[in-house]
Amino acid sequence: MTYPTERIRNFCIVAHIDHGKSTLADRMLQLTELVDPRKMRSQYLDKMDIERERGITIKAQAARLPYRPLGEVGEEYLLNLIDTPGHVDFSYEVSRALNACEGAVLLVDAAQGMEAQTIANLYLAVDADLEIIPVLNKIDLPAARPDEVAREIASIIGGRPEDVLRISAKTGEGVREVLDLIVDRVPPPKGSSDAPARALIFDSVYDSYRGTLVYFRVVDGELRPGDRIHLLATGFEGEIDLLGVHAPEETPIDALGVGEVGVLSAAIKDVAQAKVGDTITLAGRGAQTVPPLPGYREPLPMVFSGLYPVDSDDFPQLRDALDKLRLNDASFSFEPETSGALGFGFRCGFLGLLHLEIVIERLDREFAIPLVTTAPSVRYRVILEGPVDLETGEPRVMTVANPQDLPPVGQIAEIAEPTVTAMVLTPSDYVGRVMQLCEGRRGTMLAMDYLTEERVELRYQLPLAAIITDFFDQLKSMTRGYASLDYEVGDYVAADLVRVDVLLNNEPVDAFSAIVHREEAYAFGRSMVERLRELIPRQLFDIPVQAAIGAKIIARETIKARRKDVLAKCYGGDITRKRKLLEKQKEGKRRMKSVGSVEIPQEAFVSALRTTGPRPES
């Protein structure tokens, strides 16, 4: 069925993790009778097992919902729901999905109230000039605080608390009123059917049989099967061999016009050729003159970690597994690297800690490859000493994501680290503790606002490296789980950073190296050497474990040698005989120490790196 533009409504749901977004989408599918009741399941739009188990949305999904409001005869509307990720790691994908909509349902848990990530995505929706429909969910819970949370929502978005719709997505109460409000308040899409075709890509996935499937929203013109398309950012050209919509299962369609949301395949072999935010237009002489839709940018990895197979024989399988994951996720990057301690592996770039955790879990589930993961790090900007760049006249600059790539101290003029603007929402009782935590991580306060008498919003500028360790865990612990965190990446700021190396028997172990602030170097070095002393088995000679900055040792522990009692058979006799045996043993240990090497078991690597690394935020 073809719908005129004035009867099309495109909307998304903005919500924090576990606030009921997927449950509300399920009730909408049931109300519009798109899914056979016998086939209905919870989190119907979430396709991946990890999404369903953890209750989070990782990949955006779309659903085409025909809906007739109560009291209207013959007027059927087309509602396009774009279900977006809610986590800060995927904020760019969220922003592109919001740009494909005209309205957003702001869904808030009546028991938990507004969370930091909800507010961050709300700001994205406001920036995209969307119509905001505030909705209070889970009003049937005993712990629900509907009046208090409604006042909180009204204070943030403006308006009256009584205008906030109160529903229970679990029971279905109030869901039809949400759909009626979407029809009444969300404006129809704007665009010209006579203009050159333009469509916005808001997601893409890889299919083993059909190549990359592209999810898009038509802004201008029309797309049909058989049309030859051109992607402005990547330059790819191909013929549409499948054009369809999700209703909610994939259904072929003859044409998609202004404002409609669909999926296409065009023999695109790699997800990197159809990037989120790119513009689709028709191929031809005028394709290069079509203005691209605004907001596109390249995916930028923010967190880096080394992945090494526990068994070196698994290296080819790990490379194949990463290649297959890359087909499905253009924002994930990797390149081979070698570690003297861990052997051959890959340096991988991720959007954030949740992204890192998801990739590692998928490698374990889908490919069953045991891995050693190095502690996450960030990308630093190093300004070098010496002559300037002849082409630009500026000082020479290099970026470093691996501590081993940091040049010698004498060649470094300055090191700059990435910062973030962090927003923490916390009950007012815990403000002092949160401020102490942020300032202990070299944070600078930017603002403090009381949203209500009970809830405070704190804004800090923090180093990115300071929040990818255990910051989130400590924040949750000291606020009994009530605080929430969101952040956006800021500029690079110069800092007094050094590389701390760990030496085992006077030999550096590159896997344990880290770039840290000079004030934190001693604490980091001390914790590493103490941990390794417990993890590395004793040898027949003393093993020094040292932490060093350049040539300066800042911490040391000694793994004591196993000792054989060479005097066990001496039941008496001259003391010189015993001394001779002890001297012989001492000389043997000295010679063994000079030529011996220390084998570090993989279990020690796994334990040490897991302990020093963060528990990724979920």
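## Helix H12

The buried residues of helix H12 are Ala521, Phe524, Gly525, Arg526, Met528, Val529 and Leu532, where buried means under 20% relative accessible area with a 1.4 Å probe and protein chains only, exposed means over 50%, and partly exposed lies in between. An α-helix has 3.6 residues a turn, so residues three or four places apart point the same way.

Helix H12 covers residues 518-535, and its 18 residues should span 26 Å at 1.5 Å a residue; the end C-alpha atoms are 26 Å apart, which agrees. The expected span is 1.5 Å times one less than the number of residues. Helices (H or I, at least four residues) and strands (E, at least two) are DSSP runs, numbered from the N terminus.

## Basis of the model

This is a predicted model, in which local features need pLDDT of at least 70 and side-chain atom pairs count only at pLDDT 80 or more, while totals for chains, interfaces and linings use all residues. Residues are numbered from 1 along each chain as its sequence is written, and side-chain values use heavy atoms, leaving out hydrogens and water.

## Strand E1

Strand E1 (residues 8-14) is largely enclosed by the rest of the structure, because 7 of its 7 residues are buried. Ile8, Asn10, Cys12 and Val14 lie on one side and Arg9, Phe11 and Ile13 on the other, so that both faces are covered.

E1 runs parallel to strand E3 (residues 77-83), joined by 5 bridges; Phe11 has Leu81 as its bridge partner in E3. E1 also pairs in the parallel sense with strand E4 (residues 103-109), over 4 bridges, and there the partner of Val14 is Leu106. Two strands pair if DSSP finds at least two bridges between them.

## The antiparallel sheet

An open sheet is formed by 8 strands in the order E10-E9-E14-E7-E8-E13-E11-E12, with antiparallel pairing. Strands E10 (237-239) and E12 (250-252) stand at the edges with a single partner strand each, so one side of each is left without a neighbour in the sheet.

Within this sheet, strand E8 (residues 211-220) is joined to strand E13 (residues 261-265) by 5 bridges, and Phe216 has Gly262 as its bridge partner in E13. Arg217 also lies in E8 and counts as buried at 3% relative accessibility. The Arg217 side chain makes a polar contact with the side chain of Glu102 at 2.8 Å. A polar contact is a pair of N or O atoms within 3.5 Å; within protein, one must be able to donate a hydrogen and the other to accept it, and residues adjacent in sequence count only if both atoms are side-chain atoms.
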